[in-house]
Amino acid sequence: MPEYDGAMLYKGYCASCHGPTGKGDGPVAPTLIGKMQDLRTIQTRNGGVFPREMIENTIDGLGMRSVHGTRDMPVWGWAFYNAEYRMGEEDPGKFAAARISSLVDFLENIQTVE
């Protein structure tokens, strides 16, 4: 299974809304419902614990966040699954999960202590 670069995935799929550093200041952010949260403070907002499963579910589309409005918030699990399926992967779910895991690793690594 290929390894995915979480920083590159973030830049390609997330930075337009969440900003290049995760601050919530991406160019699309002003057009969204509500204010984008600072992704660098997820751990701080969760009592010092990085909620990996919750973040995975949010990216995958299993956990819907109201700030994104409707299901039109990119459900990356589905998008990743379909991309792998179209490339002929035998188990696209496994590859989609690997992409999501890499993104979550990246998010965990950008956490700041405030």
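Mentor: One definition to begin with: a disulfide is a pair of cysteine sulfur atoms within 2.5 Å. Also keep in mind that this is a predicted model.
Trainee: Okay, so how many disulfides does the count come to by this rule?
Mentor: The count is 0 disulfides. Cys14 is in none, and the nearest cysteine sulfur, in Cys17, is 8.5 Å away.
Trainee: New topic: helices. At what angle do helix 1 and helix 6 pack?
Mentor: About 95°, and their axes are 8 Å apart. Helix 1 and helix 6 are therefore roughly perpendicular to each other.
Trainee: Which residues meet there, in helix 1 and helix 6?
Mentor: Helix 1 brings Gly6, Ala7, Leu9, Tyr10 and Tyr13, and helix 6 brings Arg99, Ser102, Leu103, Phe106 and Leu107. By class, that contact has 7 nonpolar, 2 polar and 1 charged residues.
Trainee: What about helix 4 and helix 6, where do they cross?
Mentor: The axes of helix 4 (residues 52-60) and helix 6 (residues 92-109) come within 10 Å and cross at roughly 125°. That makes helix 4 oblique to helix 6. The crossing is right-handed. By class, the contact of helix 4 with helix 6 has 6 nonpolar, 1 polar and 5 charged residues.

Notes:
Residues numbered from 1 in each chain as written. Predicted model: local features only at pLDDT ≥ 70, side-chain atom pairs only at ≥ 80, totals over all residues. Heavy atoms only, no water. Axes fitted to C-alpha atoms, helices over the stretch in contact; angles between N-to-C directions. Helix = DSSP H or I, 4+ residues; strand = E, 2+ residues; numbered from the N terminus. Parallel < 35°, antiparallel > 145°, perpendicular 65-115°, else oblique. Left-handed = near helix turned anticlockwise from the far one by under 90°. Nonpolar A, V, L, I, M, F, W, Y, C, P; charged D, E, K, R; others polar. Contact = heavy atoms within 4.5 Å.
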